[in-house]
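Subject: Structure for you to look at

Hello,

Here is the structure I said I would pass on. Please open it first and then read my notes below.

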Amino acid sequence: MSRVPHLAARLQGFGTTVFAEMSALAVATGSVNLGQGFPDYPGPPEVLDVARAAIGTAADQYPPGPGIPELRTAVAEHVRRFRGLDRDPGTEVLVTAGATEALSATLLALLETGDEVVLFEPMYDCYAAGIAMAGGVARPVPLHPPAPSSPTEPSGPWTFDPDDLRTAITARTKVLLLNTPHNPTGKVFTGAELALLAELAVANDLLVLADEVYEHLVFDGGQHLSIATFPGMAERTLVVGSAGKTFNVTGWKIGWICGPAPLVAAVRTAKQFLTYVNGGPFQPAVAAGLGLPDEYFAAAARDLQYRRDVLVQGLAAAGLPVISPAATYFATVDVRPVQPDGDGLAFCRTLPERAGVVAVPTVVFYAPEHAHLGRHLVRFAFCKSDAVLGEAVERLGRLA
Ligand SMILES: *Cc1c(COP(=O)(O)O)cnc(C)c1O
């Protein structure tokens with residue numbers, strides 16, 4: 001990778017992302033963009049209307065640093081309702097500028113230079129950069145893909161080797177960063193896997209940073225479990241959530257983090273000098289959203305499951321072996337049958353021309369030294385309207 005002038009050494013290698021390249025390619029070629037994971041349909045009116053009404057009021061000015069009390073209370077009640085955890089809205093909940101700020105503020109707050117963070121790979125792109133900006137070192141543990149499924153059967157789970165995990169944890173490990181449901185794989189970590197992670201966290205005295213932004217987007221009657229609910233974990237776990245994924249408002253950038261008071265106070269120290277506050281009129285709207293009845297959250301999962309099925313069937317019909325996800329916005333494809341050199345990046349660069357569709361190569365979610373593990377995989381987003389998904393599926397049919 002070429003050196004970017006002026007850029008600090010710790011950020012070299014994080015220069016330009018393939019997301020920008022693929023989005024530009026989508027615009028230039030008039031392709032259907034299934035690269036970036038954002039919904040193209042609106043959120044619930046109960047949420048949108050509150051934000052509209054709040055604009056032009058005192059909500060336009062700086063909210064309190066930790067977030068408006070109404071939203072902190074709504075986060076605590078939501079965590080009690082869905083996870084059975086008691087968090088004090090005064091000291092154990094912090095509102096952030098999206099899950100992204102919650103993650104980067106936590107890494108900045110907790111890591112000394114050289115401290116290590118163990119996490120699963122492929123990994124959401126902001127983790128490696130967030131760890132690097134905080135002076136930490138990422139220790140990725142590979143997730144292994146299952147064999148692609150037929151369109152009528154669910155795929156097996158992505159798995160990891162517990163010995164790889166044990167080897168990755170060293171005396172320098174400070175944080176275990178766990179994303180479940182997981183982007184980009186769509187894996188939902190099982191109770192047995194979480195029990196093992198919890199046991200290792202306790203045995204090695206690790207702090208756990210749990211990114212659960214897809215907590216409500218789980219399919220086929222599956223269940224999201226929070227590692228914070230496992231024995232010995234409530235006192236060492238920070239859980240991150242986001243309104244973006246739950247209420248189809250990714251541009252609002254309202255997130256939150258919950259955990260024991262001393263850890264939340266540490267995160268708040270870093271957060272107050274990053275953005276201080278954000279999204280005044282959106283905070284009461286998200287509070288209203290978090291209070292919606294259980295049926296809203298169940299319906300959101302059902303709706304997205306239907307979109308998953310449309311895309312997975314379309315990909316399979318196009319001759320692409322699909323790993324059908326158990327959750328999230330994304331399906332993964334093994335490109336080898338249609339791209340004999342098995343190069344997912346090359347496949348994505350030519351897909352706009354071949355089929356008028358844009359996707360993202362999974363290789364970008366791996367550390368450079370592990371790129372070979374995800375070279376043949378490509379991620380497609382299905383959080384799109386019927387018209388867009390239908391058009392994408394029809395175009396992908398050109399590959400068959
Ligand atoms: C989208 C996403 C985020 C970022 O959430 P924001 O609230 O938009 O900052 C964090 N983690 C994962 C796994 C995501 O997919």
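One definition first: two strands pair if DSSP finds at least two bridges between them. The model is a predicted one. As background, strands of a sheet pair through backbone hydrogen bonds, either parallel or antiparallel.

I began with an open sheet of seven strands, in the order 2-8-7-6-5-3-4, where the pairing is mixed. Strand 2 (93–97) and strand 4 (137–142) are its edge strands, each pairing on one side only. On average, neighbouring strands here are turned by 25° against each other, direction ignored.

Within this sheet, strand 7 (residues 237–242) and strand 8 (residues 254–258) run antiparallel and are joined by four bridges. Glycine 241 has tryptophan 256 in strand 8 as its bridge partner.

Helix 9 (residues 261–271) lies across strands 2, 6, 7 and 8, and runs at about 30° to strand 2.

There is also an open sheet of four strands, ordered 9-10-13-12, with antiparallel pairing. Strand 9 (322–323) and strand 12 (360–361) each have a single partner strand, so one side of each has no neighbour in the sheet. Strand 10 (residues 330–334) is joined to strand 13 (residues 377–381) by five bridges, and valine 333 stands opposite valine 378 in strand 13. Helix 12 (residues 344–355) lies across strands 12 and 13, at about 45° to strand 13.

Regards

How values were computed: Residues numbered from 1 in each chain as written. Predicted model: local features only at pLDDT ≥ 70, side-chain atom pairs only at ≥ 80, totals over all residues. Heavy atoms only, no water. Helix = DSSP H or I, 4+ residues; strand = E, 2+ residues; numbered from the N terminus. Contact = heavy atoms within 4.5 Å. Axes fitted to C-alpha atoms, helices over the stretch in contact; angles between N-to-C directions.
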